[in-house]
Amino acid sequence: MAKRYDLRRQPGFSQIAWFCIFMLYAPILMLVLFSFNDNRSVVKWTEFSFRWYTEAFANDGIRAAAVTSLKLALVASVFGTIFATMAALATTRTRPYRGMNLAYAIINQPLMIPEIVTAIASLSLFALIKQITGVTGIGYLMLAHTVFCVPFAYMPIRARLEDMTLTLEQAAADLYASPIRVFWEVTFPLLIPGVVSGAMLAFVVSLDDVIITLMVAGPGETTLPIFILGAIRRGITPEINAVSTILLAVSILLVAVFFLFQRKTKK
Amino acid sequence: MASTDQDISLSASETLAHARRVDAQRKTRARWILLSPALILIGLFGLMPLSITLVYSFLKPGSFGGVEWVFSLDAYIQFIAQRDIFDDTLSVNWSYLSIFSRSIGLSLGATIGALILGFPTAYFIASKPADQRNFWLFLITLPFWTNLLIRTYAMLLIIRDQGVINTGLMSLGITEAPIEILYTDTAVFIGLIYSYLPFMVLPLYASLEKLDLRLIEAAYDLYASRFRVLTNVILPLAKPGIVAGCILVFIPGLGAYITPELLGGGKKLMIGNLIAIQFGSSRNWPFGSAAALILMAVVMVALLLYVRHSAKEGHSHG
């Protein structure tokens, strides 16, 4: 059988694609590899070891930063997901109503503005509030993170809702279930994959945020990315590679869970 | 008899209408109750900060950071001109304008670079069997969800003088001294492409996936070469994806902070760094605010052009 003329083929395209994959992953893989290197060098491989991980875990600064990061990401993603779920319920499966597009635009506003602008704008507002009320603390960071967690959590929840028909809910309502009961016994169980996906994304973007945190954080409110940035500025050490690898692993794990849930949603 | 019948049916329909109205009102109320936490949060801590930035850009800087509540256009004037301290005359100040034009130039360059790399990649994924495409898309998107700072740091490790590229080239005897990449515009350019390539591939893939193979077949039947099929059939059909991808790379590239900070070494400033410095060591919040608003204005213009373009496209396709 003669080989069919491949309509789609374009010369050189697959090579470029492979180059892109290589370019995207090679630096990360190098970083991960050398975090296990028993040597200060980030170029010459000597021996496999967990040395830099033990040193990183023993470092009080890193431990404190990790705790701050987790606290922040947990609060921001929980509240961000709750608010996003409520907003998604109000903006899907309905005929367009007055103000819906505006509400939609406001929810997505944090994604439309360059992050550096959001960062300095939040700093300005919080500095003003601090000046007037004298209140300081990590609450400001939590607020700033929750704001940008909402649109990230909103996207998958909204997508999930739009794939759900109203028939089951209508059936429950016909059987005299109260709206609240309909929500908890019908809508919410069906919505869980979307909510989990949304929470994962929100958690990851909060955990990874640099610019807004850098601007808004008060003294002593160092997150892991801020710690890493400071350490890079002071000079490159293999310890940074170890911490970076842990952070990478957490993000990749959460995003992998997100994709698994998304695939389940589609089936 | 007849009239009472009518009365009954009339009042029934009235009751029905009334019930519907009450129901609609209840629904509207429920909707806004559901929306209010998100809207209040983003309104107070997403939109209000922006209006404060707008106000601050028209004030004078305080001596220890913050602002002095005196109206002034200095922040905007400072961006384009400098005041002579002796005779108070204004002359064009190129230093900020050049940072601004460098930002636009680097971001545009990175957009084009990402397009040249991203288009073949998206096409490659779109021409894979349908059940494999999701895996490839996952490969492309995964780096986007990992920490940008860490990815940039990983790139820094590779391109610095003692990095793999330079030590590799030297041990192969291709170069004697390390090629200086780090802390140059080239480094920032590479870093921007590396950071935002996924943003280019995704919209391109979305439009290439829908590509009608019959059109390509028709072109080949008419003796078009592979190259002509690419330029005359595939590229025009992928135009919405190209435009969307370019916007998605250009906008974050323009406001980039981490990439020029780490790979440009803080010397090759982009507008993002300029803004950040005003709120840090330079202590000139009004100027930083003005620069942020100018950045936002450029972003808005790019978005508006995009929206108008896609509206026109949507129209012409029916």
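**Interface and surface features of the predicted model**

About 7,800 Å² is buried between chain A and chain B, and carbon and sulfur atoms give 80% of this area; buried area is the accessible area (1.4 Å probe) that two parts lose on being put together, summed over both. The model is predicted, so that local features need pLDDT of at least 70 and side-chain atom pairs pLDDT 80 or more, while totals for chains, interfaces and linings use all residues. Residues are numbered from 1 along each chain as its sequence is written, chains are lettered from A in the order in which they are written, and side-chain values use heavy atoms, without hydrogens and water.

The contact (heavy atoms within 4.5 Å) involves 85 residues of chain A and 83 residues of chain B. One salt bridge is counted between chain A and chain B, where the term denotes a side-chain nitrogen of Lys or Arg within 4 Å of a carboxyl oxygen of Asp or Glu. A:Arg233 and B:Glu261 form a salt bridge through their side chains, at 2.7 Å from N to O. On the side of chain A that touches chain B, H1(A) supplies the largest share, 16 residues; helices are DSSP runs (H or I, at least four residues), numbered from the N terminus.

Over all chains, the count reaches 11 salt bridges. The side chains of A:Asp60 and A:Arg63 also meet in a salt bridge, at 3.5 Å from N to O. Both residues, A:Asp60 and A:Arg63, belong to helix H3 (residues 60-91) of chain A and stand three residues apart, about one turn of the helix. Side chains of opposite charge can pair when their charged atoms come close.

Methods. Helices (H or I, at least four residues) and strands (E, at least two) are DSSP runs, numbered from the N terminus.
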